[in-house]
Amino acid sequence: MASIEIANARKSYGAVHVLHGIDLAIADGEFIVLVGPSGCGKSTLLRMIAGLEDITSGDIRIGDDIVNDLQPRDRDIAMVFQSYALYPHMTVAQNMSYALTLRKTAKERIAESLAGVSEILGLNALLDRRPKALSGGQRQRVAMGRAIVRKPRAFLFDEPLSNLDARLREQMRTEIRKLHRRLNATSVYVTHDQIEAMTMADRIVAMHDGIIQQVGTPIEIYDHPANIFVASFIGSPAMNFLHGTCIKTDTTSAIRFADGHILPVAPRPGLYAGQEITLGARPEHVAIAAPETPGALPARVDLIEPMGLSTLIHVTLAGHELKIFTMDRPAFAIDSTIHIAFDIDKTHIFDRNSELRLPPVIKAPEETTKETSGANGT
Ligand SMILES: Nc1ncnc2c1ncn2[C@@H]1O[C@H](COP(=O)(O)OP(=O)(O)O)[C@@H](O)[C@H]1O
Ligand SMILES: [Mg+2]
């Protein structure tokens, strides 16, 4: 296995610039998920690592080698695609050992690695079948087995689960993770599905328009999104956003919404009076509140979505549509007015122009007390 290092990698097709200077260091054994909307350049980046696309400029290093000019077959990596591309006329065993056969590996060695891999993947009973006699999940496993027997330096996955139904996708997610724990193989996994990114990644690389927006563990990205794009892309149901203006005195900060409602917030560097901001609140950080609760704001109920375990309440507040996540099963009438309160320490403030998050100050405990009493005084 090997680390992968990408330094200022760019890709253009003529005048079309697809990747704008990608820097990324992937540790040996790490499971990295590249996530972003369709067209943001994920596959292009993966294919550049694989050697299936030229690099317009920059360097890609696998282990100690700069691989820019190496042919795909000389890079010693394995790629698993959405379409499994198994040979239909070959059995599972032949499909999996094909690469070793091509390398003229000794028969006993092939049998040995095939036995190991088919054991890991639970394919022992299927070795003599042809692909058409397999389910989608089984084919996917054969495709992975074929990659594993080669003992590559890294695995590259391009949306390998997109063709599977929801339940199987969930199952394969777990299988791939378990497999990774077992093989500890450096892996780069491309998906547009943020749930796959959250559940599978050691670190997520969030991409948009050919630029890396943020790199971090799933929880870092979820709790501290760098900007509005990451905040809106990661998380389901998605984060709520409200536009407002900052009003600020020497001791307090607050946000005024278009309808005149005011929400006190903790002060933070970069927040100034008159600034146009976007408040971000995840659905689990908005709660139904009694009308007399300090800071509670009136909202209109638009829709109630029961999800069994939880309920999603859609409301309108100050012209913004918001979703509220609750483990209760409320029975509000549609169009009735309820009161909602933000878990204000967990909300995010983004500058509306730069779209960057303004991180809150981490304060000493005594200062926290002072600030809180100040904010309550308004
Ligand atoms: N051969 C090509 N010529 C011109 N543009 C291309 C070519 N291949 C891909 N692109 C463009 O590059 C962008 C990124 O594509 P891709 O990496 O496939 O995105 P993703 O995998 O994130 O959906 C897209 O806008 C796509 O249209
Ligand atoms: Mg793609």
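Predicted model: local features only at pLDDT ≥ 70, side-chain atom pairs only at ≥ 80, totals over all residues.

Colleague: Why is H17 called partly exposed?

Modeller: A residue is buried if 20 or more other C-beta atoms lie within 10 Å of its own, and exposed if 12 or fewer do. H17 has 15 other C-beta atoms within 10 Å, and therefore it is called partly exposed. The residue is placed in strand β2, and, leaving aside residues up to four places away in sequence, H17 touches S12 and G210.

Colleague: What makes β15 and β18 edge strands of their sheet?

Modeller: That open sheet has five strands, in the order β15-β19-β16-β17-β18, and the pairing is antiparallel. Each of β15 (286–289) and β18 (320–326) has a single partner strand, so one side of each is left without a neighbour in the sheet. From one strand to the next, the twist averages 50°.

Colleague: How do you know that β16 and β19 are paired?

Modeller: Two strands pair if DSSP finds at least two bridges between them. Strand β16 (residues 297–306) and strand β19 (residues 337–342) are joined over four bridges, in the antiparallel sense, and A299 stands opposite I338 in β19.

Colleague: What is the strand order in the sheet that contains β12?

Modeller: The order in this open sheet of five strands is β13-β12-β11-β14-β20, with antiparallel pairing. Its edge strands are β13 (262–265) and β20 (348–351), each of which pairs on one side only. Four bridges join β12 (residues 253–257) to β13, where V265 is the bridge partner of S253.

Colleague: Which element gives the largest share of the shell around ligand 1?

Modeller: The largest share, three residues, comes from α1. Both β2 (16–26) and α1 (42–50) supply at least two residues of that shell. The residues surrounding ligand 1 include Y13, V16, K42, S43 and T44, and the shell as a whole divides into four nonpolar, six polar and one charged.

Technical notes:
Residues numbered from 1 in each chain as written. Chains lettered and ligands numbered in written order. Near = placed C-beta within 6 Å. Nonpolar A, V, L, I, M, F, W, Y, C, P; charged D, E, K, R; others polar. Contact = placed C-beta atoms within 7 Å. Axes fitted to C-alpha atoms, helices over the stretch in contact; angles between N-to-C directions.
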